[in-house]
Amino acid sequence: MFDFFKRRQSKKGEFDWSALRKYNIPILILDERWHTIFKNTEKAKEIIEKEEKLKELLKEESRLVFEKKEILSRKKSYLDKIIKLTPEVFDKNDQQSKEEMEKCEKEINQINVRIESIEAEIHNMPERIREANMELLKCTINSVYFKMRENQLRVKELEELIEKTRKQLASYIDEKEGLTEYDNEIYTYFHDLLGGEELQKLDNEYFNKTYGNKRDAEKLNATEV
C-alpha cells in the first residue's frame, strides 16, 4: 500500500484519492491492524468523528436488518390469523371475525409499507458505509502521514545525535586508553626501579589512604610542607 501511495503521488505531485475506490478496503474499525496505527499516538478529533459516524451506520444497518426480520415475523402471524378467521368470515359471516380480519389486513398493509422503506434503506446502506469508511481512511492517511513526516525529522535528529555521540565515545575511549597506557608505563618503571615491595607501599600510601581518605590526604600535605 505504501508503494502504491508513492507511485500515485509521483505522477502528478498530488495524491489521487479516487484511486482508492478501485481497492477492496475493509471496514477500518473492524480491522485490528487499523487500530494498531494509534497504539502510540492519539487519534485526531476528525478521525474520532468519522469513526463514530461509521459505527453509527453499522449499528443502523444491523437495526434495520433486525427490524425487518421482526416485522416479517409479525406479518406471518397476521397472515396465519387471517387464514384461521377465513371460515368464520366467509362461511359463518361472523361480524367479530370480520373486524379482526380487517385489523389484520390493516396491520399487514402498514407492515408492507415499512418493509418497502426498510429494504430501500438497507439497499443504500452499503454505499453509505463505504463512503463513511473512505472518509475515515482519508483522515487516517492525512493524520498518520503527517505523523510519519514528524517521525522522519526526529529520526534525522537522532541520527545526528548518534553520530555525535559515537565520535564523543570514540574520543573518550582514546582518552581512557591513553591514560591507562601512561599509568602502566609509570607503574612498570617504578616497579623496575624500586621493586614490588616498595611499590606496594606506594600503592597503599597513595591509593588506599591518600585518594580514599581526605584526612590522610591533608596529613600528607602537611608533612610535605
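View 1. Buried means under 20% relative accessible area, exposed means over 50%, and partly exposed is in between (1.4 Å probe, protein chains only). W34 is buried too, with a relative accessible area of 3%. The ring centres of W34 and F38 are 5.1 Å apart, and their planes stand at 70 degrees, so the pair is edge-to-face. Rings of Phe, Tyr and Trp (its six-membered ring) pair if their centres lie within 6.5 Å; planes under 30 degrees apart are stacked, over 60 edge-to-face, the rest tilted.

**View 2. The aromatic pair of Y189 and F190.** The whole structure holds two aromatic pairs. Y189 and F190 are edge-to-face, with 5.2 Å from centre to centre and 70 degrees between the planes. F190 is partly exposed, at 33% relative accessibility.

**View 3. Packing of helices α3 and α4.** Helix α3 spans residues 45–91, and helix α4 spans residues 95–194. Helices (H or I, at least four residues) and strands (E, at least two) are DSSP runs, numbered from the N terminus. The axes of α3 and α4 are 7 Å apart, at an angle of about 165 degrees. Axes are lines fitted to C-alpha atoms, for helices over the stretch in contact; angles run from 0 to 180 degrees between N-to-C directions. α3 and α4 are therefore roughly antiparallel. That term covers angles over 145 degrees; under 35 is roughly parallel, 65 to 115 roughly perpendicular, and the rest oblique. The contact of α3 with α4 has 27 nonpolar, six polar and 22 charged residues. Ala, Val, Leu, Ile, Met, Phe, Trp, Tyr, Cys and Pro count as nonpolar; Asp, Glu, Lys and Arg as charged; the others, Gly among them, as polar.

View 4. N112 sits in α4 and is partly exposed, at 30% relative accessibility. Its side chain makes a polar contact with the side chain of K75, at 2.8 Å. A polar contact is a pair of N or O atoms within 3.5 Å; within protein, one must be able to donate a hydrogen and the other to accept it, and residues adjacent in sequence count only if both atoms are side-chain atoms. N133 also lies in α4. N133 is buried, at 2% relative accessibility. The N133 side chain reaches the backbone oxygen of P26 at 2.9 Å.

**Notes to all views.** Residues are numbered from 1 along each chain as its sequence is written, and side-chain values use heavy atoms, without hydrogens and water. The model is predicted: local features need pLDDT of at least 70, side-chain atom pairs count only at pLDDT 80 or more, and totals for chains, interfaces and linings use all residues.
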